Amino acid sequence: MANIPKPENALKRAEELINVGEKQAALQALHDLITHKRSRNWQKPLEKIMFKYIELCVDLRKGRFAKDGLIQYRNVCQQINISSLEEVIKHFMHLSMERAELAKSQADKLDEALDVEDLEMDKRPEDLMISYVSGEKGKERSDREQVTPWFKFLWETYRSVLEILRNNSKLEGLYAMTAHKAFQFCKTYKRTTEFRRLCEIIRNHLGNLIKYKDQRDRPDLTAPESLQLYLDTRMEQLKIATDLELWQEAFRSVEDIHGLMTLVKKSPKPSLMVIYYAKLTEIFYVAESRLHHAYSWLKLFGLQKSYNKNLSQKDLQLIASAVLLSALAVEPYDKRYGASHLELENEKERNWRMAGLIGFSLDAKRETREVLSRESLMAELAAKGVMSCVPQEVKELYSLLENEFLPLDLASKVQPLLVKISKLGGKLSTASSVPEVQLSKYTTALEKLTTLRVLQQASRVFQTMKIEMLSKMVPFFDFSSVEKISVDAVKYNFIAMKVDHLKGAVIFGNVDIESDRLCDHLTKLAESLNKAWSTIHPPVSKQSKLSDRLYNLSEMVDKEHKRLLARKSIIEKRKEEHERQMLEMEKEEESKRMKIQKITEEAEKTRLEMEYKQRERLRIQKEIEERELQEAQAMLLEAQKGKKKGKKPLIDGEKVTKQSLIELALSEQLKERQEMEKKLQKLAKTMDYLERAKREQEAPLIKEAFVKRQDEERVFHEEQQLREIELSKQSHAEDLQQKNRLSRMAESKLAFQDRITERRQAEFGQLIQEREDRINQLIAMRRAEREKKRKLIFFLDAEEKRLAKEREEEDARKREEEERKKKEEAERKAKLDAIAEKQRQRERELEERARLEKERLLRPPVSVDPVQRTVPAPEQVPVAPAAAAAAAAAPAPGPAKYVPKFKRGGDSGAVPPQRAPATETPAQSGDRWSRQDERPPAQSGGDRWRRGGAGGAAGGGESRLPASGSSWSASRNRG
């Protein structure tokens, strides 16, 4: 590299080396020129050098050299002439594809030749062992050696070009074209491993574009042209992934498209969205995600109906039928029943992700099942007019499965509809993005749904059923399949049933006492009975000595009960908090473990890549050295063979070098060429002389032969003409003789012709008469059928009116029955209220009596005069019982109601007027001013005054202490 020639001289030197078979040396010379620092400015000869350089790289399958040269040329052309780089890269891909196609055409069995799992792997050990052990190679291995290297080189070409063109705004179109060609290569030759690598490469390119935003010549994704190119590339990637049935890669492609749309926040063209949702339906169907599959069909239906103006009615019916059948194929039960909290959270996150891909926005505060569910999907279908577009068979199937209640005849009515629907479908004429719709693939799911509906409706009607009868009701499956279907339905709480194989019966409903439904009913019944019992027979509070002493026992019990309830709630909250913390810890540990695992995998992957690169570099270096050594030895042998015997070799074999051999070979070839040219010139002069002499001798002979041939042809022509005239005369005479012989049969021919004509006219008339008879008979038959149909319609209308009238009468009878029940319920409730009111009145009376008795027992004895003690008043003995009885019999007035004087003393006639007020004062003052909670009053001065007043009233005389100011009634009487 010390002396680098000019580009023109370098190109001539490379052509000379190619002519002598030194392509490797020519490639190295051009590589040194391209990578030299003097070649930093673009020139027109440099483009020709690049074309020749690319041709050499393709001939020698040197992908690394081609990549290095293109990178250097990209740096030269980036700011000056970018179109030159584009032409060179196109030429590079064209040559690679052409050589790969040529190698493929030479192979007889392409499948066997391409039986390689990975184009980037070296030869397997067993292949190397077979090649060394076996002397002669078979055809398969020869094909493998011819085709596989060229396809490996083509794959390296695509990878190198994509790496060179990545994240370059000036070469976006070429980048997209290369990606499309690479996709087609993977599709044509079923290269699944390379397709996955290609998708990962493109994905990394976009990730780097988003991550590093300060790059020079970075594409702008917000520009419509750039966004369209990127979306077209991802759509092509999605198509090829589905064609190759790489469903995981197809789903990742869908995520790439959705992420790109989310990044730029722009909606793509409707044609691209149609492809997006069409492929999404295939992915969700293969993944057996019925609900998301149906939502994808719904979005596809909306796009086709809104934007495809050329959509025919038949195609619209097929798409609408696919939407409705896919929605019906969704399981009617929720599989999240009985799932743990962690599983529900994972399912919720998954539904958010799927809803984002489909195009539905979810609120994080709402339940996911309220948005993406079978019920909301059916509502969407009705709202968007899907029902009006489907054919009649699909409408009838939907009505039977969703609206009708026919447990015995449901399967028999659904089966012929499924047969008709399975025959529908085919290729669409106008919707090119959805090439074909096949409704037969939903048959199995619809049969399963029909089985579930039969079991559900039968569980509402029957309690037990024979297995044979259930098998007859479900003709789609045998009983073992029905049993498997019912297991999932029972697991997810859709139906309740048991199968008793000993009795050969199916038991519907859960009769276990611990079942959820029965337990709820029993709990509600127990609560209602307990409430009614407490209303009819309320608990009576009994007084005891212990309650007298511990008057605040009930309050203490209530406080303790509330404290225990609060403690219980705190414990439950702590348990929930502990469970939540444990779940968070598990999530954190799982995330840490996944992060460590990811780091370990990346480190291992990096290590393996470095080892692979090191091995590849050593292998290439070793191959180059071995090839150079072989070339030098071959050239040495040729040089020794070409020398004459007896002469010493010009170059010693032990000190031979490649450069000296090249110079020797060139000089020898030049001498041989000069000698050959001299021999050719001499030979040309000799041939020229011989040819001139030959033509001079043959000229008179040719002229003589021509005159002789002309005379012979003239005589032959005259003989043939005379022969033709004689044959024509003989043929005319024979024709006249034949005419005279056949003229005698003319009359017989006419008679036969008339007889045939009359017979056929008679047959034709008979056929016309028979046809008229058949037409008349058919008219009479159709007239009878119309009359019969008219009578049947009349009978059905009359029967329908009668049934409608019976339904109205039944509804009226039910309304009257409900009104009568409501009236009876109101009367019963009024009676219960009256009984409760009487009971409450009786309780108040008992409480008042108990309170008076308690006050009488707690009142201390009052000291009186000896005269009064010896001479008791005759009114004292009967007055106290009478007053107590009157107080107990009279209803206790409210605490805030005033009782007049004449009412307070009017019930006891035996008491003198002046004693009655004093006797009734404690009860009245207690009702109005005393405490309401039956506790003994605190020991205070006010209590002393009260006891004095009460003692005076009980003793029949006046107390030595003044009356209490709190007894308003007693002070008023004394005044």
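Two strands count as paired if DSSP finds at least two bridges between them. Helices (H or I, at least four residues) and strands (E, at least two) are DSSP runs, numbered from the N terminus. The model is predicted: local features need pLDDT of at least 70, side-chain atom pairs count only at pLDDT 80 or more, and totals for chains, interfaces and linings use all residues. Residues are numbered from 1 along each chain as its sequence is written, and side-chain values use heavy atoms, with hydrogens and water left out.

Three strands in the order S3-S5-S4 make up an open, antiparallel sheet. Strand S3 (464-466) and strand S4 (497-500) are its edges, each pairing on one side only. From one strand to the next the twist averages 20°, where axes are lines fitted to C-alpha atoms (for helices over the stretch in contact) and angles run from 0 to 180 degrees between N-to-C directions. In general, strands of a sheet pair through backbone hydrogen bonds, either parallel or antiparallel.

Four bridges hold S4 against strand S5 (residues 505-508) in the antiparallel sense. Across this pairing, methionine 497 stands opposite phenylalanine 508 of S5, and lysine 498 stands opposite isoleucine 507 of S5. The hairpin of S4 and S5 has four residues between the strands, and glycine 504 takes a positive phi near 65° there. On the S3 side, three bridges join S3 to S5, again antiparallel, with methionine 465 opposite valine 506 of S5.

Asparagine 493 is not a glycine, yet its phi is positive, at about 60°. With a relative accessible area of 41%, asparagine 493 is partly exposed; buried means under 20% relative accessible area, exposed over 50%, and partly exposed in between (1.4 Å probe, protein chains only). Glutamate 245 also has a positive phi, near 60°, in a residue other than glycine. Glutamate 245 is in the loop between helix H11 (224-243) and helix H12 (247-264), and counts as exposed because its relative accessibility is 56%.

Turning to the helices, H4 (residues 63-77) has 15 residues, which at 1.5 Å a residue should span 21 Å; the end C-alpha atoms are 21 Å apart, in agreement. The expected span is 1.5 Å times one less than the number of residues in the helix. Buried residues of H4 include Phe65, Leu70, Tyr73 and Val76. Valine 58 is placed in helix H3 (residues 44-60) and counts as buried, at 2% relative accessibility. The C-alpha atoms of valine 58 and phenylalanine 92 are 7.8 Å apart, although 34 residues separate the two along the chain.

Aromatic rings give another view of the packing. Rings of Phe, Tyr and Trp (its six-membered ring) pair if their centres lie within 6.5 Å; planes under 30 degrees apart count as stacked, over 60 as edge-to-face and the rest as tilted. The count comes to 10 aromatic pairs. Phenylalanine 151 and tyrosine 189 are an edge-to-face pair, at 4.6 Å centre to centre and 75° between the planes. Phenylalanine 151 lies in helix H8 (residues 139-165) and tyrosine 189 in the loop between helix H9 (172-188) and helix H10 (192-211), so the pair ties together parts that are 38 residues apart in sequence. Phenylalanine 151 is buried, at 2% relative accessible area, as is tyrosine 189, at 11%. Another pair, tyrosine 276 with tyrosine 277, has ring centres 5.2 Å apart and planes at 80°, so this pair is edge-to-face. Both tyrosine 276 and tyrosine 277 are buried. Phe151, Tyr158, Phe185 and Tyr189 form one aromatic cluster.

Some rings carry a charge over the face, which requires NZ of Lys or CZ of Arg within 6 Å of the ring centre and within 35 degrees of the ring normal. The charged end of arginine 61 sits over the ring of tryptophan 150, 5.0 Å from its centre. Lysine 441 lies over the face of tyrosine 285, at 4.6 Å from the ring centre.

The cysteines remain. A disulfide is a covalent bond between the sulfur atoms of two cysteines; the cut-off used is a pair of cysteine sulfur atoms within 2.5 Å. The whole structure has zero disulfides. For cysteine 199, the closest cysteine sulfur is that of cysteine 186, at 7.8 Å, which is too far for a bond. Cysteine 199 is buried, with a relative accessible area of 1%. Cysteine 57 also counts as buried, at 0% relative accessibility.
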